[in-house]
Amino acid sequence: MSEKIAFLGLGNLGTPIAESLLEAGYELVVWNRTTAKAEPLIKLGATVVEDAIDAITPGGLVFSVLADDNAVEELFSMELVETLGKDGVHISMSTISPETSRQLAQVHEWYGAHYVAAPIFARPEAVRAKVGNICLSGNAAAKERIKPIVQSFVKGVFDFGDDPGAANVIKLAGNFMIACSLEMMGEAFTMAEKNGISRQSIYEMLTSTLFAAPIFQNYGKIVAQHAYEPVAFRFPLGLKDINLTLQTASNVNAPMPFADIIKNRFISGLAKGRENLDWGALALGASDDAGLAL
């Protein structure tokens with residue numbers, strides 16, 4: 001475990017990833033905007049710093065799990081990337097625009113460092129169970145260097161080539177499909193409910209037969225039970241991802257009419273004060289339309 005690893009960002013997803021790396025024996029220096037969130041990791045052996053740049057080891061590795069494009073661009077200043085320097089690798093696990101990843105990769109190249117897009121498909125409980133899947137794209141040698149590390153906390157590692165933005169395209173496509181599944185289940189379960197059939201019973205039948213897949217089984221339980229707390233992925237971040245999806249599609253003239261529907265569902269949910277719920281609450285829109293009060 002000779003690699004020096006900086007870990008920046010300890011939100012709902014970043015914290016269990018950092019915990020998994022520490023449990024695997026890696027030496028971590030961690031930073032978070034709210035320092036108190038990093039302190040529990042000290043018991044697992046992490047070193048906590050108050051300034052992100054102090055976590056960086058020249059030529060080492062830095063994982064970032066940040067909320068959006070602005071947060072990544074703001075944190076990874078020229079000064080920070082220069083400190084990372086020659087042969088350093090930035091593993092960006094955020095769900096951001098492919099174009100932002102491509103621009104960041106260029107900045108890293110100026111200083112001899114490498115940028116690898118590495119968004120993960122996993123909720124916090126999936127990270128802890130090591131059953132998530134990660135997409136990689138970027139410099140080939142940098143990807144080979146980090147693969148043994150990311151394999152310590154995921155089930156599958158999927159390589160999408162040298163284009164730094166490619167993994168982000170896949171992540172946006174996947175999140176769009178999850179959001180569509182939430183809408184689909186919300187509509188189907190609501191139709192059943194209004195016909196006198198319990199949401200739980202239709203969930204149990206369909207997710208053990210025709211739709212026996214993790215997305216339907218895990219999110220379906222949330223939708224069937226209207227269990228939108230505790231929050232694993234905040235509702236506003238769902239709108240952020242759909243906006244990124246629509247922009248990425250627009251850039252290549254790929255119409256996505258369902259994405260427009262999902263976007264409006266998120267906007268409607270925010271207008272109804274659901275910003276503090278999990279993004280699974282997207283499915284509440286179908287109940288609203290059917291006149292069902294929770």
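Predicted model: local features only at pLDDT ≥ 70, side-chain atom pairs only at ≥ 80, totals over all residues.
Local features need pLDDT of at least 70, side-chain atom pairs count only at pLDDT 80 or more, and totals for chains, interfaces and linings use all residues. Residues are numbered from 1 along each chain as its sequence is written, and side-chain values use heavy atoms, leaving out hydrogens and water.

The largest pocket has a volume of about 1,200 Å³. A pocket is an open set of points on a 1 Å grid over the protein atoms alone, where a 1.4 Å probe fits, with protein on both sides within 12 Å along at least five of seven lines. The volume is the space filled by probe spheres set on the points, which are joined across faces, edges and corners. Lining residues have an atom within 4 Å of a point. There are 45 of them, and the closest to the centre are Leu13, Ala122, Pro124, Ala232 and Phe233.

Now the charged pairs. The structure holds 16 salt bridges. Each is a side-chain nitrogen of Lys or Arg within 4 Å of a carboxyl oxygen of Asp or Glu. In one of them, arginine 265 meets glutamate 183, with the closest N and O atoms 3.0 Å apart. Glutamate 183 is buried at 6% relative accessible area. Arginine 265 is buried too, at 18%. Buried means under 20%, exposed over 50%, and partly exposed in between (1.4 Å probe, protein chains only).

Another bridge joins aspartate 159 to lysine 147, at 3.5 Å from N to O. Aspartate 159 is partly exposed, at 38%, whereas lysine 147 is buried, at 18%.
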